[in-house]
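Subject: Structure handed over, with notes

Hello,

Here is the structure you will be working with.

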Amino acid sequence: MPLKLERQENVPLAGLIAAPFVALAVTLVVGAVMFLAMGQDPVEAFRIYFIDPLGDAYTLQELVVKACPLLLIGVGLAFCYRANRWNIGAEGQYVVGAVFGSWLALATHGTEAGPWVLPAMLVLGALGGAAYGLIPAFLRVRFGASEILTSLMLVYVAQLGLDYLVRGPWRDPAGFNFPQSVTFDAVATVPLLFEEGRMHAGIVIALVVVVAATFVLGRTLVGFSIELGGSAPRAAAFAGFDERRVTYGVFAVSGALAGLAGIIEVAGPIGNLQPSISPGYGFTAIIAAMLGRLHPVGILVSSFILALTYIGGEAAQISLRMPFDVTRVFQGTLLIAILAADVLVRYRIRRVEGVRHA
Amino acid sequence: MADVVPSDPLASEPPPALLEAIGLTKRFGALVANDHVSLAIRAGETHALLGENGAGKSTLVKMMCGLLQADSGELRFEGAPVSFPDPAASRARGIGVVFQHFALFDALTVVENVALGLPRHEGLAALAARIEACVHRYGLQVEPYRLVGELSVGERQRVEIVRCLLGDPRVLILDEPTSVLTPDESESLFRTVDLLTAEGRAVLFISHKLDEVRRLCQRATVLRGGKFIAEVDPRRESAASLARLMVGAEVPRTPRIVTHELGEPRLLVKNLNLKGDGSRGSALIDINLEIRAGEIIGIAGVAGNGQTALFEALSGERLGGDAEAIVIDRTPAGALGPTERRALRAGFVPEERLGHAAAPDMRLSDNVLLTTHGDGRNVRHGVIRHSVLHAMFGEIVKRFDVRFGGRDPKARRLSGGNLQKFVIGREVLREPVLLIVDQPTWGVDAAAASFIRTTLRAKAAEGCAVLVISQDLDELLEFTDRIAVMCEGRLTAPVPVEETSREAIGLAMGGAETASAQGDADAA
């Protein structure tokens, strides 16, 4: 029986608000089935996954540590996605940001450089991420290349570049041949907020970014031009907003925030440059952005939800001996569920009388 | 109100109604789009459906062809109750609809497009032969193997009609068919309609053009505000009396004010050329034009002859590169973008309301920003001042009588006439010295159209230079001072309205004058 999607004339606001919650519920149901199939008690597994991490101060801090990069990257992606520009390569921009910032940390390593080093690293990280983000923007504006493909492919270029650096020129000579750089000096490290735990000043930066992005997207002409460009491109051109400038702008912002997240992660929780500096933050942030309705405050909430899947996944690895891929399955299910929920809210499925057997 | 006139007095006994709507009611939330509306179409007649935008014509048509379901009331086909759960069901009963907006793929040929809409798959060659036969029988000029993208709007309409006729419909519904046609093309459409009704088919003809309705139709059903108002014999009515039924009050004719002095040139276009983009949209070739303060210049022409390119070149959406080619108020503007041209106090109203003049999914108040963000009132240091924006929005709504449900709905929710009043009001309140309007009253009801023309006339009287691009020749003859004709990317010199005629303009629209001008150029 052929089915057809029909755009609904009046999309109910309640539906748009309910969609992420429905998606979460569907994800939990799918998760329960998965746990059963793996021979685990779903109630027990959910407790370990989602409830226990909320129970003690250490894991609560870990939650913030994991949410920080998701939040920074997700807010940046919201700029792109609102403008109908699909940056899938935040992971690469994150890596390049980390590399740019780390260069300064390594260049000043062991010198008497003052407290200016960390701020300068953050600026470099943002610039690096922005520059890397501008590549798919340029390819789109100049050649009409799909930014979805180019930004995604550039992720692997960035990762291999990082791999080369930490195995080659930037390897710690005293590191027993391990592929990693020296540990950053104190002036090149993001300070911790409390003595205990790993929560660092990055979250403060992220919260400032949330406030700033809320203001820019909601209150300024720049935010309006982004929204308009995504919603009605021809009307945006008529209004005098240059489509190319918007494309460059949103990719620069998105890349900069991903780069900032990268250098904060390397100069914070990780402490040096390694071949692998992200458990897929750049991709998970896409889910955070969609689940948070492309609104900075919504992304603040969704980042913590997704951070929980990371923490819970680690706990489940230890206590239930479940593979880390379970976390990936959770995140993927959540993304599919949220996209499906959006379609079902905006469209109505209708059965089409068979064209062929008429 | 007017009494119901019995049907054709020549027939002793009225023929049975082919398709009949009895007391149809349709609600959308609080709005009653159709309130117990009845309509009967008889075999062999051309029946007009008249009404303003928002009168409920589209809702009625959609219910009659299965796109919408009535809340109450009944549909009858040849006297027997029927229901159409979807358009396929109505097609099976022999009801064909040609909508105002065509559903054709540019990249496919005519015969491929037609094949897509047909239930059974037959060979393209066989289908092409059937198309040829249909074309021949009803005098429709359509070449089966041409790409739809290369066709004019009139030709595309004929493709839609042919597509409908291949289903051998007993009732053919034509939604505003002549709004995109030249006078000549309209004439040939009327001949086709006459052939169809002579075969015993019924045609439901939806139009705003009262003269056409009076010429073509034997009966007319008038709707106003979702209610049935009257069924009349349009041949016995005057255009004024029909308009009165539609609007419920006398429609004021736009006063022509030609007494004021013309001021200095507000727009100078010198040898403007623009390359075409791909297969679509004619290029502009050596456009020359001068508009002085206080005058309204009209540009006539069949759609797709470069009007859109001209509008976009004037608004700054498409740049030709030569700064001197366009001079707005003595400032070379050819290299400036839309915002900079608006800063020279130019105002623009594009043809497409949804998606070009307004963002469909944004609120009306946000849509105010589209053309006013550079005026220094509602944006300060890049920050939107929502209080000012809402005040401006309120003023547009009040002064231009924009009606809608809710406090600040999305643009998509407004009827065509109300959205157009909003879009025009947004520009007029900017106090422009040059106003360029593409299709000011396209798909707009008679009252709103009259209001819009009067507004533009008043702006001209205040010393604004106005350029109106329109496919509605009657409109241009009614309220512009000079008329130029656009054909295949060229523009004729504007001629005072008093010194020209429908026939002369019609000829130029068909390219007669351009052809000779081209001949001269070749000789030179």
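How many residues does helix α1 of chain A have, and what span does it reach from its first C-alpha to its last? Helix α1 (residues 13-37) of chain A has 25 residues and reaches 37 Å, close to the 36 Å expected at 1.5 Å a residue. The expected span is 1.5 Å times one less than the number of residues in the helix.

Some ground rules come before the rest. This is a predicted model, in which local features need pLDDT of at least 70 and side-chain atom pairs count only at pLDDT 80 or more, while totals for chains, interfaces and linings use all residues. Residues are numbered from 1 along each chain as its sequence is written, and chains are lettered from A and ligands numbered from 1 in the order in which they are written. Helices (H or I, at least four residues) and strands (E, at least two) are DSSP runs, numbered from the N terminus.

Chain A

α1(A) bends by about 35 degrees at A19(A), where the bend is the angle between axes fitted to the seven residues ending there and the seven starting there. A proline, P20(A), follows within four residues. The buried residues of α1(A) are A19(A), P20(A), A23(A), T27(A), G31(A) and F35(A). A residue is buried if 20 or more other C-beta atoms, placed from the backbone, lie within 10 Å of its own. These buried residues pack against α2 (42-51), α11 and α13 (325-346) of chain A. Just after α1(A) comes G39(A), with a positive phi of about 80 degrees.

L291(A) belongs to helix α11 (residues 281-291) of chain A. Why is L291(A) called buried? L291(A) is buried because 25 other C-beta atoms lie within 10 Å. Leaving aside neighbours within four places in sequence, L291(A) is in contact with P20(A), S302(A), I305(A), L334(A) and I338(A). Contact here requires the C-beta atoms of two residues, placed from the backbone, to lie within 7 Å.

Where the chains touch

The contact between the chains takes 17 residues from chain A and 26 residues from chain B. On the chain A side, α8 (221-231) and α9 (233-238) each supply at least two residues. The largest share of that side, five residues, comes from α8(A). The side of chain A that touches chain B divides into 11 nonpolar, three polar and three charged residues. Nonpolar covers Ala, Val, Leu, Ile, Met, Phe, Trp, Tyr, Cys and Pro, charged covers Asp, Glu, Lys and Arg, and the others, Gly among them, count as polar.

Chain B

Chain B comes to 17 helices and 23 strands, and buried residues make up 48% of its 524 residues. Strand β16 (residues 346-349) of chain B is covered on both faces, with A346(B) and F348(B) buried on one side and G347(B) and V349(B) buried on the other. Four bridges join β16(B) to strand β19 (residues 434-438) of chain B, and the two run parallel. G347(B) stands opposite L435(B) in β19(B).

The domain assignment of chain B, an automatic or database one, gives domain 1 (17-247), domain 2 (260-345 + 433-524) and domain 3 (354-430). The C-alpha centres of domain 1 and domain 2 of chain B lie 32 Å apart. Their contact takes 17 residues from domain 1 and 18 residues from domain 2. On the domain 1 side, α8(B) gives the most, with three residues.

Regards

Methods:
A residue is buried if 20 or more other C-beta atoms lie within 10 Å of its own, exposed if 12 or fewer, and partly exposed in between; C-beta atoms are placed from the backbone. Two strands pair if DSSP finds at least two bridges between them.
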